[in-house]
Amino acid sequence: MSNVSQSRHDDAAADPEPRRLPHRSELRCTSGRMRVLTLPLDSGRHVTPSKVCEELGSSGTSIHPTTAYRNLEGLTAVGLAHAVHGPGPTRYDISGEPHHHSVCRRCGHVDGLVIPHLTEAAERSGLLPDSSGSLLVYGICARCGG
């Protein structure tokens with residue numbers, strides 16, 4: 001992750017007022033963008049655009065899937081969110097902490113991995129994090145493997 005992108009990522013976790021985040025990144029602060037931004041920020045989970053629509057819909061706020069996708073991609077482009085590509089749909093999260101991800105090959109579940117020295121160990125083998133600064137570790141999650 002670039003230093004600028006990481007700095008914006010750090011701001012996302014540190015700022016108690018999410019409404020300021022899009023403005024700092026030169027994004028318009030639309031109601032749709034704020035709904036999409038606060039869902040993963042408040043939940044601390046990795047979300048898909050369809051999950052954003054489902055969860056916002058169940059709380060009485062509807063949003064079109066295209067709006068959810070475009071907003072998540074826009075937040076990713078300016079470093080406020082990051083995308084985790086793996087099996088199944090892309091998942092997005094907002095976190096100020098640099099971290100890697102585990103991805104289940106069966107169900108596609110994504111979790112954050114905070115493993116000290118993982119990046120250093122990977123780089124010794126010539127493996128570099130992707131553009132989001134993340135390494136993906138694939139395996140079978142406990143729900144699918146047990």
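This is a predicted model: local features need pLDDT of at least 70, side-chain atom pairs count only at pLDDT 80 or more; totals for chains, interfaces and linings use all residues.

**Helix packing and the core**

Me: Which residues of H3 meet which in H5?
Reply: Gly32, Arg33, Val36 and Leu37 in H3 meet Ala68, Asn71, Leu72 and Leu75 in H5. Contact means heavy atoms within 4.5 Å. Helices (H or I, at least four residues) and strands (E, at least two) are DSSP runs, numbered from the N terminus.

Me: How do the residues of that H3 and H5 contact divide?
Reply: They split into 5 nonpolar, 2 polar and 1 charged. Here Ala, Val, Leu, Ile, Met, Phe, Trp, Tyr, Cys and Pro count as nonpolar, Asp, Glu, Lys and Arg as charged, and the others, Gly among them, as polar.

Me: OK. At what angle do H3 and H5 pack?
Reply: About 70°, with their axes 9 Å apart. Axes are lines fitted to C-alpha atoms, for helices over the stretch in contact, and angles run from 0 to 180 degrees between N-to-C directions. H3 and H5 are therefore roughly perpendicular. The cut-offs are under 35 degrees for roughly parallel, over 145 for roughly antiparallel, 65 to 115 for roughly perpendicular, and oblique for the rest.

Me: And what about H4 and H5, at what angle do they pack?
Reply: H4 (residues 49-58) and H5 (residues 65-77) pack at about 120°, with axes 8 Å apart. So H4 is oblique to H5. Pro49, Val52 and Cys53 of H4 make the contact with Pro65, Ala68, Tyr69 and Leu72 of H5. Those residues divide into 7 nonpolar, no polar and no charged.

Me: What else does H4 pack against, and which of its residues are buried?
Reply: Pro49, Val52, Cys53, Glu55 and Leu56 are buried in H4. Buried means under 20% relative accessible area, exposed over 50%, partly exposed in between (1.4 Å probe, protein chains only). The buried residues of H4 pack against H3, H5 and strand S2 (91-93).

Me: How many residues are in the largest nonpolar core?
Reply: It has 20. A nonpolar core is a set of buried Ala, Val, Leu, Ile, Met, Phe, Trp, Tyr and Cys residues joined through side-chain atoms within 4.5 Å. Val36, Leu37, Val52, Ile63, Leu72 and Leu75 have the most contacts inside it. H3 (31-43), H4 and H5 are the elements that give two or more residues. H3 gives the largest share, 4 residues.

Me: What does Val36 touch?
Reply: Setting aside neighbours within four places in sequence, Val36 contacts Val52, Ile63, Ala68, Asn71, Leu72 and Leu75.

Me: New topic. Where does Thr61 lie?
Reply: In the loop between H4 and H5. Thr61 is at 25% relative accessibility, so it counts as partly exposed. Not counting residues up to four places away in sequence, Thr61 touches Arg35 and Leu56. The C-alpha atoms of Thr61 and Arg35 are 8.6 Å apart, though these residues are 26 apart along the chain.

Me: Last one. How many helices and strands does the chain have?
Reply: It has 7 helices and 5 strands. Buried residues make up 40% of the 146 residues.

Technical notes
Residues are numbered from 1 along each chain as its sequence is written. Side-chain values use heavy atoms; hydrogens and water are left out.
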